[in-house]
Amino acid sequence: CGLFDVSHMLQHKISGPNTTDFLQKITPSDLHSLPEMTSTLSVLLNKDGGVIDDCIITKHGKDSFYIVTNAGCREKDVAFIKSELSNLADFSEINHSNFEGALLAIQGPKAAEIFQKYTNSNLNDFYFGTARFIGLNGFTNDKVHITRSGYTGEDGFEISIPQDSAAIEFARAILDEELVKPIGLAARDSLRLEAGMCLYGHELNEQTTPVESSLNWLVAKNRRDPSTATFNGSSKILSQIADAKSVSFKRVGIKSKGPSPREGNKIFSAEEPDKQVGVVCSGSPSPSIGGNVGQAFLNKPYNKTGSKILVEIRGKKRPAEVAKMPFVEPHYHKA
């Protein structure tokens, strides 16, 4: 079990009349049907269908949401949301606030066993992708916002604690547990790579649509009718879903031995070594399975699972293979 300090992430609260409609304009998610106290991964979309940022949206109630976005995108995310809110009169009564505060992630096979010691809430029926307001025994009198979530592919919880002093004491207590270690973001990166998860600025960017990033599932099925779709970039995104041949490249997994592929490494055809067919988005040694794992944007038809490719690393083209993701199956606590 590991403790991650992810307090650098930006937390948002957004509520008021027509908030759900507003969020369905800037994301492709179906938030009207999302059950209360449930979370979903989503993306903020620009008018061309590119990704401003990825985010986790938790629905607290009708037209009331809690959202977590990436630290490195805080300025443009806030500017984007404010700009979108100002564009239409229907959204004038929406209240949007954001804050940086203690956000701790407990992740790993023993996460529930450890966390259960600090709350009276029964964690057995607290499933992945849901949220609760629960107490932390001995640390704060107020209930705090907990989601059973994380970005490691493992079971775990993300805990938002408004009081810094309570957060510090809680973190110290958790780290005193024999089974818990402090974990850094480099380990988070290898874990999310093994789990086949995207990282903004690598597999997601403003020039690439969710379809090109192999995230079609983020576009809710009941929002795919071109005649009624209202989200940003819907025309381009839905045309790509309808006509797969119109998409020239896709995000895929890659495996290799030797030096690890890294962001920006060029990828070449194994049959035509002078022909560039893609680029590495991110890569890392894999502590769990050995060798290296990575993600890449690869042109068709070179992106088929099992295809042999060459990755240029420090001036030398090294063999690699397109591989199915996730590389390590997730271990979420589900019903």
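Is F170 buried or exposed? With a relative accessibility of 0%, F170 counts as buried, where buried means under 20% relative accessible area, exposed over 50% and partly exposed in between, using a 1.4 Å probe and protein chains only. Before we go on, a word on the model: it is predicted, so local features need pLDDT of at least 70 and side-chain atom pairs count only at pLDDT 80 or more, while totals for chains, interfaces and linings use all residues. Residues are numbered from 1 along each chain as its sequence is written, and side-chain values use heavy atoms, with hydrogens and water left out.

The largest nonpolar core has 26 residues, and F170 is among the members that touch the most others, together with I106, F115, F157, I159 and I161. A nonpolar core here is a set of buried Ala, Val, Leu, Ile, Met, Phe, Trp, Tyr and Cys residues joined through side-chain atoms within 4.5 Å. The elements that give two or more residues to this core are β7 (102-107), α3 (111-115), β8 (131-136), β9 (140-147), β10 (156-161) and α4 (164-175). Helices (H or I, at least four residues) and strands (E, at least two) are DSSP runs, numbered from the N terminus. Helix α4 gives the largest share, six residues. A second, separate core holds 17 residues, including I14, I52, I57 and I94. In soluble globular proteins, nonpolar side chains tend to be buried together.

Now for the rings. The whole structure holds nine aromatic pairs; rings of Phe, Tyr and Trp (its six-membered ring) pair if their centres lie within 6.5 Å, and planes under 30 degrees apart count as stacked, over 60 as edge-to-face and the rest as tilted. Y118 and F139 make a tilted pair, 6.0 Å centre to centre with 45° between the planes. Y118 lies in the loop between α3 and β8 and F139 in the loop between β8 and β9, so this pair ties together parts 21 residues apart in sequence. Y118 is buried at 10% relative accessibility, whereas F139 is partly exposed at 22%. Y118 also meets F170: their ring centres are 5.6 Å apart and their planes at 85°, so this pair is edge-to-face. It links the loop between α3 and β8 with helix α4, 52 residues apart. F115, Y118, F126, F139, F157 and F170 form one aromatic cluster.

Turn next to the sheet. Five strands form an open sheet in the order β3-β4-β5-β2-β6, with antiparallel pairing; two strands pair if DSSP finds at least two bridges between them. β3 (38-45) and β6 (95-99) stand at the edges with a single partner strand each, so one side of each is left without a neighbour in the sheet. Eight bridges join β3 to β4 (residues 51-61), and T40 stands opposite I57 in β4.

Finally, find strand β14 (residues 276-285), where seven of the 10 residues are buried. Three bridges join β14 to the antiparallel strand β13 (residues 266-269), and the two form a hairpin with six residues between them. F268 has Q276 in β14 as its bridge partner, while K317 lies over the face of F268, at 4.0 Å from the ring centre; a charge sits over a ring if NZ of Lys or CZ of Arg is within 6 Å of the ring centre and within 35 degrees of the ring normal. β14 also pairs with β15 (residues 292-299) in the antiparallel sense over seven bridges, and G278 stands opposite L298 in β15.
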